[in-house]
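Hi,

Here is the structure I promised to pass on. Have a look at it first, and then read my notes below.

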Amino acid sequence: MKNAGYFLVLLLLISSCSIQKEPVFLKVDNLEVLSFALDTIKLKAVAFFENPNDVGGIIGTDGLKIFVNGEEVASVFSEEFKVPARKKFSIPLSAHIPTKNILTSNKNGVLGSLLNSLFTQKVTVRVKGRLQYVVFGFKSDFLVDKTQDIKIKF
């Protein structure tokens, strides 16, 4: 009888902390250039989510890449983010683009398109890849594909 009571309490705890569905990925926004130096260009963005569950989890950013004028130039980095339960939340994303990645690229037109961007004072930046959500050992991916023209300020 005592074991049945423990089992009933455990079952009640598990059912009350239900995972109804994964967090909802809303958008990536606020993409902007933080600094523009001779050796590094620093970008930032924010990923917005809503978690309808009673439990949290962890989101990692291992699979996000930055494309400038159509060419891959860097990876996005962020520490693993703890997802709050039953809240809207945002994750800051950062990228440091070494300018040598742009200047030494053998791709046709990369340097030309960058120079053209400097004259027009805007550059097309694309964030593409996946964010990974982990809760209780189960994994789920969110696909991200955001393109935005950013004005360059000198």
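Let's start with the charged pairs: there are four salt bridges in this model, where a salt bridge is a side-chain nitrogen of Lys or Arg within 4 Å of a carboxyl oxygen of Asp or Glu. Before I go through some of them, two notes on how to read everything here. This is a predicted model, so local features need pLDDT of at least 70 and side-chain atom pairs count only at pLDDT 80 or more, while totals for chains, interfaces and linings use all residues. Residues are numbered from 1 along each chain as its sequence is written, and side-chain values use heavy atoms, with hydrogens and water left out.

As background, side chains of opposite charge can pair when their charged atoms come close. One of the bridges joins the side chains of D54 and R86, at 2.7 Å from N to O. This pair links distant parts of the chain: D54 is in the loop between strand 2 and strand 3, R86 is in the loop between strand 5 (81–83) and strand 6, and the two are 32 residues apart. (Strands, E, are DSSP runs of at least two residues, and helices, H or I, are runs of at least four; both are numbered from the N terminus.) D54 is partly exposed at 33% relative accessible area, and R86 is partly exposed too, at 48%. On those words: buried means under 20% relative accessible area, exposed means over 50%, and partly exposed is in between, using a 1.4 Å probe and protein chains only.

Another bridge brings together R130 and D141, at 3.6 Å from N to O. Here R130 sits in strand 7 and D141 in strand 8, eleven residues apart, and this pair also links distant parts of the chain. R130 has 33% relative accessibility and D141 has 39%, so D141 counts as partly exposed.

A further bridge is between D29 and K27, at 3.4 Å from N to O. Both ends are partly exposed, D29 at 23% and K27 at 41%. K27 has something else going on: its charged end sits over the ring of F48, 5.4 Å from the ring centre. (For that, NZ of Lys or CZ of Arg has to be within 6 Å of the ring centre and within 35 degrees of the ring normal.)

Now the rings. How many aromatic pairs does the structure hold? There are six, counting rings of Phe, Tyr and Trp (its six-membered ring) whose centres lie within 6.5 Å; planes under 30 degrees apart are stacked, over 60 edge-to-face, and the rest tilted. F81 and F89 make a stacked pair, 5.7 Å centre to centre with 10 degrees between the planes. F81 is partly exposed at 23%, whereas F89 is buried at 8%. The rings of Y133 and F142 have centres 6.4 Å apart and planes at 50 degrees, so that pair is tilted. Y133 and F142 are both buried.

Next, the inside. In soluble globular proteins, nonpolar side chains tend to be buried together. The largest nonpolar core has 30 residues, and those with the most contacts inside it are F49, I59, I66, I97 and L131. (A nonpolar core is a set of buried Ala, Val, Leu, Ile, Met, Phe, Trp, Tyr and Cys residues joined through side-chain atoms within 4.5 Å.) Among the elements giving two or more residues to this core are strand 1, strand 2 (40–51), strand 3 (57–68) and strand 6 (87–98). Strand 7 provides the largest share, six residues. If you click on I66, its contacts beyond four places in sequence include L43, V73, I97 and V127, with contact meaning heavy atoms within 4.5 Å.

S140, in strand 8, is buried at 15%. Leaving aside neighbours within four places in sequence, S140 is in contact with E22, L131, Q132 and Y133.

N30, in strand 1 (residues 24–36), has a positive phi of about 60 degrees although it is not a glycine. F136 also has a positive phi, near 50 degrees. F136 lies in the loop between strand 7 (122–135) and strand 8 (138–151). Which is buried, partly exposed or exposed? N30 is partly exposed at 39%, and F136 is exposed at 60%.

Cheers
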